[in-house]
Amino acid sequence: MGSTSKRKATSTTTTSATTDIMSKQQQQQHGIPWVEKYRPRSLDEVVGNEDTLIRLRAVAADGNVPNLILCGPPGTGKTTSVHALARQLLGSAYSHGVLELNASDSRGIDVVRNKIKSFAMNKVSLPPGRHKIIILDEADSMTSAAQQALRRTMEIYSNTTRFALACNVSTKIIEPIQSRAAILRYGRLTDEQVLNRLRYVCEQENVSYSNDGLEAIIFTAEGDMRNALNNLQATVSGFEYVDKTNVFKVCDQPHPTTVRAILDACVGGKTNEAVIEMNTLWKTGYGCGDIVGTMFKVARVHDGMGEAMKLEYLREIGFTHMRIADGVGTPLQLMGLVARLCKLAEEGPASSTEM
Ligand SMILES: Nc1ncnc2c1ncn2[C@@H]1O[C@H](COP(=O)(O)OP(=O)(O)OP(=O)(O)O)[C@@H](O)[C@H]1O
Ligand SMILES: [Mg+2]
């Protein structure tokens, strides 16, 4: 019996080893957040911003990389694209041909002098015609002294090294660096692009969802894919089923239906009703910024008023948002807003343009 089991054991060693590895990988995959699990590995998988990505794909195919600055709002794929580009360019040399520094590393002038320079000077074997890549993620948080120190470094080592900077606002990168690099801009992703990606992830993870649930996630994410995937995972781990109610419970933003009711009351000129509903919403504990932000999003897609009136509404909401952002976050501001919106509905949009 001992010998049979031994034989069995040897004959299945290789398969059990692979299944062991598989299950280990699966276990590791199980614990990681979906944003990382579904981070695109190649440029072809990155969704949206077609113009920018066409340029990046051309660069990846050609191999002639300029210094790059990628800028745009959070969660739109900048870090992902720059790593995918490096991976595509360098292949197996990716691990030693890339130096990544992000805001978590100190990136003062010393780091530019020592770490970046010594990496740029190092000799590494790369595929023919390829360059080492230094990725400076979240570059807008680099001090301007460090950026100044980069200027000459970028030029001196330009025959062996390329720089890729990712940032949220390009104006925080000093002009001389901007002039040394090609600037690629990322915009927020469209609802459809986020929806398709969410559907894909739901399929992969066997998530049961309703369409209004995914719509709610898109509403809260505002074109930020990271936010959308995080909200999806949070809803799934909290409630399993993804529908509108569960999503808003997890994301904890004022419910658009409640806000819509307030707007409807305003459009109907029912001041009392609107004020009471606003008061109830305020008492549930939301901040003024949250309420007025959601109100803007709901008003933007509101179908119960004419175009001119909608513009007036958005203007009023915008002004209130500005005051609240200035620090005047009192319920009085919200009530004032509601009163002005009701007045607008009674007098019609023309009245205020005369002002
Ligand atoms: N265009 C995209 N296509 C597919 N997935 C995306 C895209 N953009 C973002 N994601 C998802 O969001 C996650 C975060 O994206 P990424 O790190 O590239 O954002 P970022 O643009 O660098 O944002 P930040 O400015 O906050 O650094 C990725 O792991 C990926 O799962
Ligand atoms: Mg990033």
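Predicted model: local features only at pLDDT ≥ 70, side-chain atom pairs only at ≥ 80, totals over all residues.
Me: Which side chain does Asp 44 meet in a salt bridge?

Reply: The general idea comes first: side chains of opposite charge can pair when their charged atoms come close. In this structure, Asp 44 meets Arg 57 in a salt bridge, with 3.4 Å from N to O. Asp 44 sits in the loop between α3 and α4 (50–62), whereas Arg 57 belongs to helix α4, so the pair ties together parts that are 13 residues apart in sequence. Arg 57 counts as partly exposed, at 22% relative accessibility.

Me: Which residues are linked with Asp 44 in a network of salt bridges?

Reply: Glu 50 and Arg 57 are linked with Asp 44 in that network.

Me: How many salt bridges does the structure hold?

Reply: There are 11 salt bridges in the structure. One of them joins Glu 205 and Lys 37, whose side chains meet at 2.7 Å, N to O. Here Glu 205 lies in helix α10 and Lys 37 in helix α3 (residues 34–37), so this pair ties together parts that are 168 residues apart in sequence. Glu 205 is partly exposed, with a relative accessible area of 23%, and Lys 37 is partly exposed as well, at 25%.

Me: And which residue forms a salt bridge with Glu 36?

Reply: That is Arg 39, and the closest N and O atoms of the two are 2.9 Å apart. Glu 36 has a relative accessible area of 39%, which means that Glu 36 is partly exposed. Arg 39 is partly exposed too, with a value of 30%.

Me: Let's take one member as an example. Where is Asp 212 found, and why does Asp 212 count as partly exposed?

Reply: You will find Asp 212 in helix α11. Asp 212 counts as partly exposed because its relative accessibility is 34%, and partly exposed covers the range between the buried cut-off of under 20% and the exposed cut-off of over 50%.

Terms used:
Residues numbered from 1 in each chain as written. Chains lettered and ligands numbered in written order. Heavy atoms only, no water. Helix = DSSP H or I, 4+ residues; strand = E, 2+ residues; numbered from the N terminus. Buried < 20%, exposed > 50% of the residue type's maximum accessible area, 1.4 Å probe, protein only. Salt bridge = Lys/Arg side-chain N within 4 Å of Asp/Glu carboxyl O.
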